[in-house]
Amino acid sequence: MNILVVDDEAAYRDLLKASFRMDGWTVSTAADGVEGIQRLKETKIDCIVSDIYMPNMDGLKFHANVREMPEYALTPFLLISGYSDQATMAALTKSKNDAFFLKTQPLKLLKEWVRYLMSPPDRRPSKRPEENPNASQYA
């Protein structure tokens with residue numbers, strides 16, 4: 001499985017890249033939505049994890065652009081942020097993303113979300129990762 005990680009914070013982007021690779025996933029990275037679009041044109045991606053607040057093209061605009069690309073219209077898309085203020089939550093509601101993850105939450109939970117979103121809808125567990133105290137069942 002190929003994951004695209006888009007985040008302007010190099011340290012967090014590298015952390016996610018290393019963590020996903022440890023689980024056997026192939027990872028491409030980009031520093032903003034503009035680079036993210038370029039990566040999507042270069043490589044077949046199965047899941048996208050993108051920060052919201054980035055320069056050049058933020059995560060919400062990137063998400064909207066991705067959804068207009070026929071080959072990625074249904075690709076699992078998880079937005080991440082270090083912020084959970086009212087403005088961020090309102091923007092997320094309008095974006096119709098697949099999931100939202102706070103950077104302050106354990107990385108293990110983010111990986112469980114990625115596994116959940118990448119599994120076929122008809123084979124997903126009935127409970128989403130944050131609803132299940134034993135999230136390892138998504139491995």
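What is the mean pLDDT of the protein chain, and what share of its residues reach 70 or more? Let's start there and then walk through the structure together.

1. **Confidence overall.** This is a predicted model, and the mean pLDDT of the protein chain is 82. A score of 70 or more is reached by 78% of the residues. Strand 2 (residues 26-30) has the highest confidence, with a mean of 97, while helix 4 (residues 86-95) has the lowest, with a mean of 59.

2. **Where to read with care.** Over residues 131-139 the pLDDT stays under 50. The model still has 16 contacts for this stretch beyond four places in sequence.

3. **The overall plan.** Of the 139 residues, 45% are buried. The accessible surface comes to about 7400 Å², and carbon and sulfur atoms account for 51% of that.

4. **Contacts across the sequence.** Take the contacts between residues at least 6 apart in sequence: 56% of these join residues at least 24 apart. Several of the points below show particular residues meeting across the chain.

5. **Strand 3, from both sides.** How many residues of strand 3 are buried? Five of the five residues in this strand (residues 47-51) are, so strand 3 is largely enclosed by the rest of the structure. In a regular strand the side chains alternate between the two faces of the sheet. For strand 3, one side carries Cys47, Val49 and Asp51, and the other carries Ile48 and Ser50. Both faces are covered.

6. **The partners of strand 3.** Strand 1 (residues 2-6) runs parallel to strand 3 and is joined to it by four bridges. Within this pairing, Val5 stands opposite Val49. Strand 3 is also joined by four bridges to strand 4 (residues 77-81), again in parallel, and here Ser50 stands opposite Leu79. To get from strand 3 to strand 4, the chain passes through helix 3 (residues 59-67), making a right-handed β-α-β crossover.

7. **Strand 5, a two-sided case.** Strand 4 pairs with strand 5 as well, over four bridges and in the parallel sense. Ser81 stands opposite Leu102 of strand 5. Which residues form the covered face of strand 5, and which the uncovered one? In this strand (residues 99-102), Ala99 and Phe101 make up the covered face, whereas Phe100 and Leu102 make up the uncovered one.

8. **Arg13 in helix 1.** Is Arg13 buried or exposed? Arg13 sits in helix 1 (residues 10-22) and has a relative accessible area of 13%. The cut-off for buried is under 20%, so Arg13 counts as buried. Beyond four places in sequence, Arg13 touches Val5, Asp7, Asp8, Thr29, Ala30 and Ala31. One of these, Ala31, is 18 residues away in sequence, with 8.1 Å between the two C-alpha atoms.

9. Once neighbours within four places in sequence are set aside, Ser19 is in contact with Leu107 and Lys111.

10. **Aromatic pairs.** The count of aromatic pairs comes to three. One of them brings together Phe20 and Trp25: the ring centres are 5.4 Å apart and the planes are at 55 degrees, so this pair is tilted. Phe20 and Trp25 are both buried. Phe62 and Phe77 form another tilted pair, with 5.6 Å from centre to centre and 55 degrees between the planes. This pair links distant parts of the chain, since Phe62 is in helix 3 and Phe77 in strand 4, 15 residues apart. Phe62 is buried, with a relative accessible area of 0%, and Phe77 is buried with a value of 0%.

How values were computed. Residues are numbered from 1 along each chain as its sequence is written. This is a predicted model: local features need pLDDT of at least 70, side-chain atom pairs count only at pLDDT 80 or more; totals for chains, interfaces and linings use all residues. Side-chain values use heavy atoms; hydrogens and water are left out. Buried means under 20% relative accessible area, exposed over 50%, partly exposed in between (1.4 Å probe, protein chains only). Two strands pair if DSSP finds at least two bridges between them. A crossover is right-handed if, with the strands pointing away from the viewer, the path from the first strand over the helix to the second runs clockwise. Contact means heavy atoms within 4.5 Å. Accessible areas come from the Shrake-Rupley method with a 1.4 Å probe; for residues, only the protein chains shown count as cover. pLDDT is the predictor's confidence in each residue, from 0 to 100. Rings of Phe, Tyr and Trp (its six-membered ring) pair if their centres lie within 6.5 Å; planes under 30 degrees apart count as stacked, over 60 as edge-to-face and the rest as tilted.
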